[in-house]
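Colleague: Could you take me through the metal site and its surroundings? I would enjoy a slow, close look.

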Amino acid sequence: MIKNPVPWPNGARCAVAITLDMDADSILHLEHPDDSLSRVAALSMLRYGPEVAVPRILETYRRYGLKQTFFIPAWCIEQYPAAVEAILKDGHELGHHGYIHENPNEAGREDQEYWLQRSIAVIERASGRRPRGYRAPLYNFSDHTADLLVQESFVYDASLMGDDIPYILRTKDGDLVELPGHWGVDDWPPYVHAPDLNFSMPIMAPPRAMEIFRAEFDAQWEHGGFWVGIWHPFVSGRLARWCEVDRLIQYMLDKGGVWFATMEEIADHVLACAKDGGYSPRVDAWPYYAEPVRVTMDPKLRAVR
Ligand SMILES: [Zn+2]
């Protein structure tokens, strides 16, 4: 089913990364810059992430001995130093996730470059090293993002959805390892009901939501793939949901042959396999099109096709 499965370390069947995007209340200020402070219930729901969920998540990871990746907007790093310190103290990876979850597709190249670099500086101050991975806020990877990431020496991106397993995103100036996800492994569709964020889904019972995530994992395990959870502390870190995550981790461990790793470790592993010649990741050449695709609806032109 997967044409060229990655040879995972120690013969593992599947690589697993539970990534957590700690957006906290950045998304509310972005959505409602004029009156976010009066939306107190929504603020409290989002602050639950760094204040309550992150300590819970870290405790679980410590119990299972897992090191994972947290993508955190730089503004949140500045606002919630205790949560970020705790994440770093436990040896987890800090990935780039915009400054205040801004949408790169609504900004020009210069603005995108400014916020990318400003956020790199914040991450560097907090962690002592530059981020090596990036996930675009709300998957808003723009047509400048790949070039800017290569320019800033990022190793991998985790915003795109072009394969089941890691692949190479090739730009004119260099390569990125793409660690792809998709909406089926994101926790917003099954759980998020937040009118203040203009996103209201009927909330799914945690065991049912986990059926979706587990089905994705089982298929990846079966075919030698890569499973990534794209989750959020304020969403999946809620009590009943995180209890189910705990059970899912236990399920994965019981199944065996699973390599739990940070996104950075997975990207490095793919590059190492490609370098020693034993493995050829699929290459996606960027940009996909040289110019905008416009199909004329003029019947006369259609006739002379
Ligand atoms: Zn986010």
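Modeller: Happy to! Donors here are N, O and S atoms within 2.8 Å of the metal (3.2 Å for Na, K and Ca), and water is not among the atoms, so sites may look incomplete. This is a predicted model, where local features need pLDDT of at least 70 and side-chain atom pairs count only at pLDDT 80 or more, while totals for chains, interfaces and linings use all residues. Residues are numbered from 1 along each chain as its sequence is written, and side-chain values use heavy atoms, with hydrogens and water left out.

The zinc ion is coordinated by Asp23 (OD), Asp23 (OD), His97 (NE2) and His101 (NE2), at 2.1 to 2.5 Å. Along the chain, these donors follow the spacing D-x73-H-x3-H. Asp23 sits in the loop between S1 and H1, and His101 in the loop between strand S3 (93-96) and helix H5 (109-127), so this pair ties together parts that are 78 residues apart in sequence. Helices (H or I, at least four residues) and strands (E, at least two) are DSSP runs, numbered from the N terminus.

As for geometry, the site is irregular, with angles of 54 to 136 degrees among its 4 donor atoms. Four donors count as tetrahedral if all angles lie between 85 and 135 degrees; four count as square planar and six as octahedral if opposite donors are over 155 degrees apart and all others between 65 and 115; anything else is irregular.

Both Asp23 and His101 are buried, where buried means under 20% relative accessible area, exposed over 50%, and partly exposed in between (1.4 Å probe, protein chains only). Ala24 lies in the loop between strand S1 (14-21) and helix H1 (26-31). Ala24 is buried too, with a relative accessible area of 2%, and has a positive phi of about 45 degrees although it is not a glycine. For context, most residues other than glycine have a negative phi.

Not counting residues up to four places away in sequence, Val16 touches several residues, including Phe217, Trp227 and Ile266; contact means heavy atoms within 4.5 Å.
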